[in-house]
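The sequence and the structure are shown first, and the account follows.

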Amino acid sequence: MKAVRRTASAVTAASLLPLLVTAPAAADTHERTTDGKARKQPNPPSVMSTVGGAQLGKAGTQVNLGTGAPVLPKDISSRSWIVADAESGAVLASHNAHWRLPPASTIKMLFADTLLPKLPKEATHKVSAAELSEVGTNSSLVGVKEELTYTVNDLWLGVFLRSGNDAVHVLSAMNGGIPKTVQDMQAHAEELQALDTRVASPDGYDAAGQVSSAYDLTLIARNGMQKKDFRDYAATVRAQFPGEMDGDKRETFEIQNTNRLLTGEDGVTPYPGIAGVKNGNTTHAGSTFTGVAERGGKVLLVTVMNPDSDESQAVYKETARLLDWGFTAGGKVTPVGELVPPRSARLKEAVGAGPGKDGTQAKPVAIAREESSGGVGIALAIVGGVLVALAGAFFVVNRRWPSHRG
């Protein structure tokens, strides 16, 4: 089961930028050769959203290399990707960041960020046949059975580890049904300024009009990682899931996370410092992935969408290359944009922030290490700086990433 993770916090502030909502990508195509094979690929739209900065609205790769900065890896075939600092919100580099594409199960990050605060994880629910009746054909499943009772915690483990659409549908029913959940998710996306996102299904199953972008998925992941439960579920490698009843005793079976950078399966090496968050794959979306990792006191978010490569498990390997680049490039590139805060956010001075008695600014970050059941973790606590207040609460970037997974 997952380690106990005590929350430590760092904070960030970002200004709101002008918004431009765009239509989905045009259908015209161009030829691109990968590994000697010619394929038709759709062109990115000529006009995209400029949320986060004007450069992010441009098609193609965006990066401002400074002195000593490493060049971007050449073997990146994804239609859209982004590398961002999870704390400052700085976008270090991107490629078609606002291209609206099918998100597959990465949209479950928005589902979780929307519903986690609403459903107490100790609550129990008996599943009905109707709640599972609309799960899509060939959906990923965790194994939820009708007429059996599950805790909300069980169901969230099924969502995060196995990407279980059956668990999503049951949680949606507990939230008032699929239409209400879709409406809630859409409203939350708009609050986060994830304006490329259009929700049609809560589980990421291919549905007409359902799109997101690398920018939006990164924004959503960043907000989700503010929640302790979200972080814990995203970093859990394996857990026991309730099975059938055997007389008066409930059987259990092991489920394992499908995030290969976390588990290190199918020819993918576990990525050092990885702490989540979500992968996806459907016919129309291809492979999608958002990952977060910590190294040397830095926390990066990378999203890649629909790699066009014959490389096995390309979505994970391209993410790892971009993470490697981001950790090396930090401080050597000029950001091409930023991850904006939620619409309701407002700048507010942190309690105790500001200059010290000697007139100097307090050191912004203090690092502490602590043992937990999952191994050594890194906890970073802010000493001074600026908070973004969020409707009476604080918008906080939590820096508590496990260096070991369990």
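This is a predicted model: local features need pLDDT of at least 70, side-chain atom pairs count only at pLDDT 80 or more; totals for chains, interfaces and linings use all residues.

Helix α4 spans residues 165-174 and is mostly covered, as eight of its 10 residues are buried. The buried residues are N165, D166, A167, V168, H169, V170, L171 and S172.

After α4 comes G176, which has a positive phi near 110 degrees.

## Helix α5 and H188

Helix α5 has 14 residues, and its end C-alpha atoms lie 20 Å apart; this agrees with the 20 Å that the helix should span at 1.5 Å a residue. Its buried residues are T181, V182, D184, M185, Q186, H188 and A189. The cover over the buried residues of α5 includes α1, α4 and α6 (214-224). An α-helix has 3.6 residues a turn, so residues three or four places apart point the same way. Just after α5, Q193 adopts a positive phi of about 70 degrees.

When residues up to four places away in sequence are set aside, H188 touches L110, D113, T114 and N223.

## Nonpolar cores

The largest nonpolar core holds 63 residues, and the members that touch the most others are V144, W156, F160 and Y215. Helix α3 gives the most to this core, with seven residues. Leaving aside residues up to four places away in sequence, W156 touches F111, A112, L115, L116, L171 and Y233.

In soluble globular proteins, nonpolar side chains tend to be buried together.

## The chain as a whole

The protein chain contains nine helices and 21 strands. Of its 406 residues, 56% count as buried. Among contacts between residues at least 6 apart in sequence, 68% join residues at least 24 apart. The protein chain exposes about 16500 Å², of which carbon and sulfur atoms supply 53%.

An individual example of two residues apart in sequence is the pair G89 and G337: 248 residues separate them along the sequence, while their C-alpha atoms are 8.5 Å apart in space. G89 belongs to the loop between β5 (78-85) and β6. With a relative accessible area of 0%, G89 is buried.

## The largest pocket

Rolling a probe the size of a water molecule over the atoms shows where empty space is left. The largest pocket has a volume of about 470 Å³. It is lined by 27 residues, and those closest to its centre are S105, S140, G280, N281 and T282. The elements that give two or more residues to this lining are β11 (274-282), β12 (286-295) and α9 (314-329). Strand β11 provides the largest share of the lining, five residues.

## Backbone features

Most residues other than glycine have a negative phi, and most peptide bonds are trans. The peptide bond from G276 to V277 is cis, with omega near 10 degrees. V277 is placed in strand β11, the strand that gives the largest pocket five lining residues.

A104 is a residue other than glycine with a positive phi, near 55 degrees. A104 lies in the loop between β6 (90-95) and α1. Its relative accessible area is 1%, so A104 is buried. D266, also not a glycine, has a positive phi of about 55 degrees. D266 is located in the loop between α8 (260-263) and β11. At 45% relative accessibility, D266 counts as partly exposed.

How values were computed
Residues are numbered from 1 along each chain as its sequence is written. Side-chain values use heavy atoms; hydrogens and water are left out. Buried means under 20% relative accessible area, exposed over 50%, partly exposed in between (1.4 Å probe, protein chains only). Helices (H or I, at least four residues) and strands (E, at least two) are DSSP runs, numbered from the N terminus. Contact means heavy atoms within 4.5 Å. The expected span of a helix is 1.5 Å times one less than its number of residues. A nonpolar core is a set of buried Ala, Val, Leu, Ile, Met, Phe, Trp, Tyr and Cys residues joined through side-chain atoms within 4.5 Å. Accessible areas come from the Shrake-Rupley method with a 1.4 Å probe; for residues, only the protein chains shown count as cover. On a 1 Å grid over the protein atoms alone, a cavity is a set of points where a 1.4 Å probe fits but cannot get out, and a pocket is an open set with protein on both sides within 12 Å along at least five of seven lines; lining residues have an atom within 4 Å of a point. Grid points are joined across faces, edges and corners, and a volume is the space filled by probe spheres set on the points.
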